[in-house]
Amino acid sequence: MVHMKIRITEDTTQTDNSHQHRILSAVRGRLRQVAASLQAAVRFRRFSRRGTTAPDWFVDKSHQEDNADVGEEPQHGCWGYRVVFDPALPIYYKWLMVVSLAVLYNVIFVLGRAVFWELNNCVPALWWSLDCLCDAIYLLDVIVHVHEGYLEQGLLVTDPTKLRAHYLQSKSWKTDILAIIPTDIAYIWWQPFDCLQQVPCSVIVRINRLFKLPRLWEWFERTETDTNYPNVFRICKVVLAILVLIHWNACLYFAISYAIGFGTDNWVYNLDGPKNSTLARQYIYSFYWSTLTLTTIGETPVPENDAEYLFVVADFLAGVLIFATIVGNIGSMISNMNVARVDFQNRMDGVKQYMAFRKVGRELEARVIRWFAYTWQESGALDEERVLSALPDKLKAEIAIRVHLDTLRKVRIFQDCEPGLLEALVLKLRLQVFSPGDYICRKGDVGKEMYIVKRGRLQVVADDGYTVLATLGAGSVFGEVSVLDIAGNRTGNRRTANVRSLGYSDLFCLAKDDLLVALADYPEARATLIERGCQLLRKDGLLDEDVFKRAKATQHSMEDSIKKLETSVDHIHSRLARLLAEFTASQAKLKQRLSRVETRTDRDRDGNISENLTVPTVRRRLRSFEMRRGDFSSCSRHKTM
């Protein structure tokens, strides 16, 4: 009996220990959660001291760059001054022209003076001055090139350090350095103006000055872009290139003649005789021979040795390639110069073919042809919409304002209007050309547009077509009231007179729909224009005041209804936003509750698992205890018996 009590006490103690173990494990888990929460709170406190928003690497980098720009002291580029040259300024273009003249001087006279000794020795002081001047221009151009601004993110860079770095990253610094190498030092050993029947002369050491040719090409490109006659400039540029090539080839011919020997055969140049020894005859004959050879005309002296044959063959091949390219370019330039005329002629031919196919009368056909002729004579058949289609809307608006704004200001109802409205209306103007005798509008027609006379004369005629009631000239306006669609207009927005073109007339047309669309964004201007239109109608007695007042009251009531409707819509929108916020908050609370329930379920599941693990042990102990108690009872019963 005592043994049994001891075992029961042990089992009870083990059960209590397991229960305490579970409690301790739960307490430890809870303590871990509290510690993690405290650590998170500490981290949040530290981060809140730094800033209220999460760090963004892009924003931080931008702030660092801004702070660096703010704190950075201005860097001085040259002698304590910031030196920046804007390529878009006119002064830069003029400087490019000066540099191009210096380059062109070296292109022509370096080789010419190196080969024709008479040219080099004729005016030494002039050549010396020009050489020094060109070298000074080259040095100044290097400074300009180093501090030449460039665009970065749409802004002109003015930092001298960046400008120098950008210059060194380009390829132009190499040609600039090669062009300013002082090769003139060779004049110490090789006298420049003591060249007598010697080829080449010492001026050949300045051949490195030709490395500056890219600046000449840059000036050509800028001029071709800025000029109003690009095709003419292109032709002049090609002609200049042809002359330079012929000049270089003439110099080469004279140098080869010197190397072979003057007068040794009929192909080389012959210095014998008073005329042949002059500079004019030497250069003119060499230039003549070079022109015949490069243009592949021929009729030159036949070569007599291998060197002469090779040189002539090379010249012929170069002439074929060079002049084929040049002739092709000139042909394309000439065709581009006439492309507008050809396009206009094709359109006119198409209209003429259509009229012939449809058997239009001779009189109408003659009027159409005269209209085409007048259009070409006045504007060159220029399609403004197609020409300006490549420009952005902002530039198109500025061009239209410069061209048409003064014309639009002549309209009485548009005087003193907002500039924004005038800019919007300027883009809506369309130019129309009317032939002599054409009717712009007839009496009784519905007015859908207004007209502004730009050029020409119009006649207001009676119904018989002969009686002239008035004459309209440049700057006159008619039909402006009909486009406003004023209620109470006795004419019902219909034309009240016949307007006919006396000669060829250019008119600007503004459609009613375009005006109403523009006025939709300017309600005050709309009210002002309607008031001015009413004044014009009252002046002529064409306004029904009762109808106008009723329409105005109806419009006010409609405006009030619209305002009330807008207020109701705003109220509904605010209520919907509030309900949406409440729904979002309740959804968040519901999610929190669901997460708590799931957490409790997981904990209860873990507790059940631990209890399920301990229950079989208790049951086994109870079963063994009951068996032992049965054995003990049977033994005691046996003893009593």
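A salt bridge here is a side-chain nitrogen of Lys or Arg within 4 Å of a carboxyl oxygen of Asp or Glu. With that cut-off, select R113, D131, D135, D184, R206 and R209: a network of salt bridges links them. Keep in mind that the model is predicted. Over the whole structure, the search finds 17 salt bridges.

**Stop 1: inside the network**

Select D184 and R209. They form a salt bridge, with the closest N and O atoms 2.5 Å apart. D184 lies in the loop between α7 (172–179) and α8, and R209 lies in the loop between α7 and α8, so the pair ties together parts that are 25 residues apart in sequence.

**Stop 2: from helix α5 to helix α8**

Select D141 and R215. Their side chains meet in a salt bridge, 2.8 Å from N to O. Colour the two helices to see what is joined. D141 sits in helix α5 (residues 124–146) and R215 in helix α8 (residues 213–226), so this contact ties together parts that are 74 residues apart in sequence. Both D141 and R215 are buried.

**Stop 3: along helix α8**

E218 has 24% relative accessibility and counts as partly exposed.

**Stop 4: the sheet**

Find the open sheet of four strands, in the order β4-β9-β6-β7, with antiparallel pairing. Select β4 (439–441) and β7 (468–472). These strands stand at the edges, each with a single partner strand, so one side of each has no neighbour in the sheet.

**Stop 5: β6 against β7**

Zoom in on strand β6 (residues 458–461) and its partner β7. They pair in the antiparallel sense over four bridges. Which residue in β7 is the bridge partner of V461? Select V468: V468 is that partner. Show the backbone here, because strands of a sheet pair through backbone hydrogen bonds.

Methods:
Residues are numbered from 1 along each chain as its sequence is written. This is a predicted model: local features need pLDDT of at least 70, side-chain atom pairs count only at pLDDT 80 or more; totals for chains, interfaces and linings use all residues. Side-chain values use heavy atoms; hydrogens and water are left out. Two strands pair if DSSP finds at least two bridges between them. Buried means under 20% relative accessible area, exposed over 50%, partly exposed in between (1.4 Å probe, protein chains only).
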